[in-house]
Every structure is written in structure tokens, then in C-alpha cells.
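Subject: Handover of a structure and notes on its features

Dear colleague,

Please find below the structure that I am handing over to you. My notes on it follow directly after.

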Amino acid sequence: EYQFKRQDDTPLVSGKMHTFTIQVSKRTDSGDYSFALLDQEISPWIDDNEFHEGILRQYITVTIKEPGTFAGTLIDMGIDYEDVTSLKVAGKVNNDDVMFMGDMPSLTNINMKDMIIDNDGEELDYIIPANAFNYASIVHLVLPDKLVKIEENAFVDCPLSGTIIFPEGLEVIGMSAFARYSTNSGNMIKVIFPSTLKRIESSAFHGNAFAVVRGELILPEGLEYVGSSAFTCANLTGNLRLPSTLKELGERQVFNGNFTGDLIIPEGVTAIPNMCFINAYFDGRLILPEGLTEIGPDAFRDCGFKGELVLPSTLKSIHESAFMGNNFSNVVLPDKLSFLGRDAFKDCNNLSGEIVIPGSVTAISPGLFMNCSKLSAIKLHKDISLINGEAFANCVGITEIICDNPNPPIISNSAFQNVVKGN
């Protein structure tokens with residue numbers, strides 16, 4: 001771990017941006033690193049193109065001495081709240097103050113770093129209340145240093161832009177807190193989460209047909225829950241590393257993006273809900289934990305996984321279309337598996353080799369392996385009684401079918417459609 005401290009004589013100017021240029025050098029003989037301050041510059045916020053897109057102006061700074069007096073303080077300062085575009089708030093405020101800020105019609109930039117939300121009660125302290133800035137015009141946001149929760153709809157449909165740094169101490173991001181449902185609600189954002197975060201609630205960063213969050217998503221160790229549609233319509237890239245502490249995932253496209261590398265589901269997760277990862281594209285493998293018992297409908301549909309799919313021995317049910325449209329090359333169905341939903345492995349065009357149906361499965365669902373053209377053999381146990389329509393349709397590579405049942409199962413007319421009988 002390295003630390004670089006500013007020199008004692010470095011000037012600090014209130015309301016200005018300080019830019020430091022640091023050179024990092026590595027010695028070829030020892031491998032040690034050295035740091036040097038090459039340049040420092042003090043400039044107005046307007047020149048900060050990377051984080052504020054060159055549009056941030058001078059802040060009006062308001063210091064609150066007593067919670068509940070924000071509106072009165074503006075009046076005392078001779079400021080019309082309707083004209084304020086860039087605001088920095090310091091001191092203690094309560095929920096009434098925060099809701100008033102959310103109603104300021106021209107406010108586009110707000111810095112709450114030194115603001116403390118104090119409602120004279122521990123249950124409401126350090127919490128941004130529900131609907132506080134919903135549908136406001138906030139573009140650039142700095143959150144309070146002391147914050148434990150952002151409640152539901154707090155910044156819904158705000159046209160936020162740039163990078164949002166969530167402070168250490170934050171534990172919960174509420175339902176639809178940063179969601180966008182309007183078609184004109186701004187640009188995408190990058191997010192940096194704290195190590196203290198435990199829950200990201202449903203639709204927290206949901207987008208309605210357009211992306212809210214962009215770039216690589218780094219989820220912290222300690223995170224336990226990511227809710228339904230939390231990152232729907234995100235534009236995520238890079239590796240998606242789920243923390244080992246994760247215990248539960250929501251449904252309906254929790255993550256969306258084009259990812260590199262493997263997806264590793266943590267050991268604490270026992271079920272993958274409906275459509276959890278649908279259309280989240282990965283170019284690596286899917287690694288599932290022991291202890292997983294259920295994979296819901298469309299859970300990994302059209303994710304593009306490659307390599308070998310290893311299903312845990314604890315898995316009991318795979319629901320309809322769960323793995324439809326992926327690129328893995330082979331799969332072994334575990335012995336405890338008792339339910340295989342329709343179309344579960346449909347359109348897995350690279351799936352090859354032999355498929356052995358477990359003894360606890362008594363019926364083959366419709367379309368189960370439809371269009372898996374590279375499969376070469378099917379082995380059915382003695383208790384199989386029914387093979388439904390299109391279960392193996394267009395599996396043109398099948399050359400061998402072994403059935404241990406002395407009484408042949410009932411076979412739908414289309415179960416082996418386009419599979420040559422003489423194979």
C-alpha cells in the first residue's frame with residue numbers, strides 16, 4: 001500500500017478545483033516504486049471537463065446552524081431559491097430541508113458532502129428520504145459523507161451524469177433510488193460503491209429502454225442482496241465479480257451488459273430467480289456453487305456462456321428456457337435433478353456428446369434439447385414414461401438412443417423431428 005501526501009505549503013483555495021500530476025516510477029533493478037509531484041494547478045470548476053463536463057459554475061454555499069432552517073437561511077442571505085443552479089450545503093439539516101432542496105426548480109448541481117441529515121432521532125438520521133429529489137433537474141451530485149441509506153425514488157428520473165461516489169457507511173440503496181423511466185432523463189453514470197453496502201434494492205438503477213449505469217461494475221465484499229431489475233438496461237462492461245457474501249438475487253434482468261470472463265455465482269446463493277441474467281452476455285464460463293437447488297425460468301437465457309457447464313450435485317430443478325441460447329459445449333445432469341422445464345437447453349448449438357437423463361426425471365419436457373444439432377447420444381433410464389413434442393427436434397447429430405425401460409415410453413410425433421431414424 002502506498003500513500004502520497006501533499007506538501008505542507010500546498011495552497012488550498014475554497015471553491016476551486018485542485019489538480020495534481022503525480023509521476024509513478026519503477027526501478028528496474030529492485031522493482032521498487034517512487035512517487036513525485038510534477039505539477040499542481042488551481043482552476044475554476046468550469047475547466048473540470050472529465051467529472052463535470054465543463055459546465056459546473058460557482059456554487060452558492062449555505063451553512064445551516066439548526067435543522068429545519070434551510071429555507072429561512074436562504075431568505076436571510078437574500079437568495080431566491082428559484083434562481084439557484086449550483087448549491088453546496090454544510091451543517092445539520094432535517095428531512096424538511098432536504099425535501100425543500102428537491103423542489104428548487106433551477107437546481108442542477110448539488111454538493112452535500114458536508115451536510116448532516118439530523119432528524120433528532122436515530123431511525124431517520126443519515127438517511128436521504130424517499131422521493132427527496134424525484135424528477136428534479138440534478139445533473140451533478142455529491143452525496144453526504146455521513147449516510148446510511150438512500151430511500152426509494154430519492155433521485156428517480158434525475159438526469160445525473162458523471163461519476164457518483166457512494167460514501168463509506170452507506171448500507172442500503174433503496175428501490176428505484178436512481179431509476180430512470182423518462183425518455184429524456186439524461187446521460188449514463190459511473191458508480192463507485194462503498195465497502196459497507198449491504199443491499200441494492202429492486203430497480204435501484206433501472207433504465208426504461210436506455211442505460212443508466214455504464215462501465216465496469218465493482219460490487220463490494222459485504223453486499224448481501226441485489227434486487228429485481230436492479231441494473232436493467234445498464235451498459236456494463238468488464239468482469240462482473242459477484243461478492244462472496246452475496247446471498248440473494250432478484251429476478252428480471254438484474255444485470256445487463258457485455259461482460260468478459262467467467263461468471264461465478266457465490267456459494268451462499270441457493271436459487272437463481274426468473275430471468276435473473278437474461279441477455280447479460282459473457283464470453284467465459286458459468287460456474288455454479290454447491291448448495292444451489294433451483295434455476296428459474298429464463299435465468300441464463302441468451303448469455304453466451306462457453307466451455308463446460310458443471311451443474312452442482314445439489315440441483316433439483318431447472319425451469320423452462322433456463323439455459324436457452326448459450327454456447328457451452330457439454331453438460332452433465334446431476335442425479336438429484338427431478339425437474340427439467342420445457343426448452344431448458346433449446347438452441348444450445350454447441351452442446352455436444354452424450355446426454356444422460358437422471359433417474360428422478362420421469363418425463364422429457366417439450367423442446368428440452370431442441371436444435372442442439374451437435375448432440376450425439378441420449379441415454380434414458382428405466383422410469384422414463386413420456387417424451388414430449390420437439391424434445392429432441394432438429395438434433396440431427398444423434399446416432400444412438402439408449403432406453404433402459406423395458407416398456408417403451410410414450411413418444412410425441414414431433415419429439416425427434418428431423419432426426420434420421422436410421423442413425
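The lining of the second largest pocket comprises seven nonpolar, four polar and two charged residues. These make up 13 lining residues, and those nearest the centre of the pocket are Ile-401, Phe-416, Val-419, Val-420 and Lys-421. The space in this pocket comes to about 200 Å³. Please bear in mind that the model is predicted.

As regards the chain as a whole, the protein has three helices and 33 strands. It consists of 423 residues, and 47% of them count as buried. The chain exposes about 20,000 Å², of which carbon and sulfur atoms supply 48%. Among contacts with a separation of 6 or more, 42% are between residues 24 or more positions apart.

Ile-150 has Ile-173 of strand 11 as its bridge partner.

The other open sheet has three strands, ordered 29-31-33, again with parallel pairing. Here strand 29 (363-364) and strand 33 (410-411) stand at the edges, and because each has a single partner strand, one side of each is left without a neighbour in the sheet. Strand 31 (residues 386-387) pairs with strand 33 in the parallel sense over two bridges. In that pairing, Ile-387 is opposite Ile-411 of strand 33.

Asn-153, in the loop between strand 9 and strand 10 (162-165), has a phi near 60 degrees, which is a positive value in a residue other than glycine. Arg-252 is likewise not a glycine and has a positive phi of about 60 degrees. Arg-252 sits in the loop between strand 17 and strand 18 (258-259). Its relative accessible area is 38%, so Arg-252 is partly exposed.

Arg-252 is also one of the contacts of Ser-229. Ser-229 belongs to the loop between strand 15 (225-226) and strand 16 (235-241). Is Ser-229 buried or exposed? Its relative accessibility is 6%, and Ser-229 therefore counts as buried. Leaving out residues up to four places away in sequence, Ser-229 touches Ser-203, His-206, Glu-251, Arg-252, Gln-253 and Val-254.

Three further residues may be described in terms of their surroundings.

Asn-111 is part of strand 5 (residues 109-111). With a relative accessibility of 12%, Asn-111 counts as buried because the cut-off for that class is under 20%. Which residues does Asn-111 touch, not counting those up to four places away in sequence? They are Tyr-59, Leu-87, Lys-88, Val-89 and Val-142.

Glu-82 is located in the loop between helix 2 (70-76) and strand 4 (86-93). It has a relative accessible area of 40% and is therefore partly exposed. When neighbours within four places in sequence are set aside, Glu-82 is in contact with Pro-105 and Ser-106. For Glu-82 and Ser-106, the C-alpha to C-alpha distance is 6.0 Å, and the two residues are 24 apart in sequence.

Thr-21 lies in strand 1 (residues 17-26). Its relative accessible area of 37% places Thr-21 among the partly exposed residues. Apart from residues up to four places away in sequence, Thr-21 touches Ala-36, Leu-37, Leu-38 and Asp-39. Thr-21 and Leu-37 are 16 residues apart in sequence, and their C-alpha atoms are 6.1 Å apart in space.

With kind regards

How values were computed: Residues are numbered from 1 along each chain as its sequence is written. This is a predicted model: local features need pLDDT of at least 70, side-chain atom pairs count only at pLDDT 80 or more; totals for chains, interfaces and linings use all residues. Side-chain values use heavy atoms; hydrogens and water are left out. Helices (H or I, at least four residues) and strands (E, at least two) are DSSP runs, numbered from the N terminus. Buried means under 20% relative accessible area, exposed over 50%, partly exposed in between (1.4 Å probe, protein chains only). Contact means heavy atoms within 4.5 Å. Two strands pair if DSSP finds at least two bridges between them. On a 1 Å grid over the protein atoms alone, a cavity is a set of points where a 1.4 Å probe fits but cannot get out, and a pocket is an open set with protein on both sides within 12 Å along at least five of seven lines; lining residues have an atom within 4 Å of a point. Grid points are joined across faces, edges and corners, and a volume is the space filled by probe spheres set on the points. Ala, Val, Leu, Ile, Met, Phe, Trp, Tyr, Cys and Pro count as nonpolar, Asp, Glu, Lys and Arg as charged, and the others, Gly among them, as polar. Accessible areas come from the Shrake-Rupley method with a 1.4 Å probe; for residues, only the protein chains shown count as cover.
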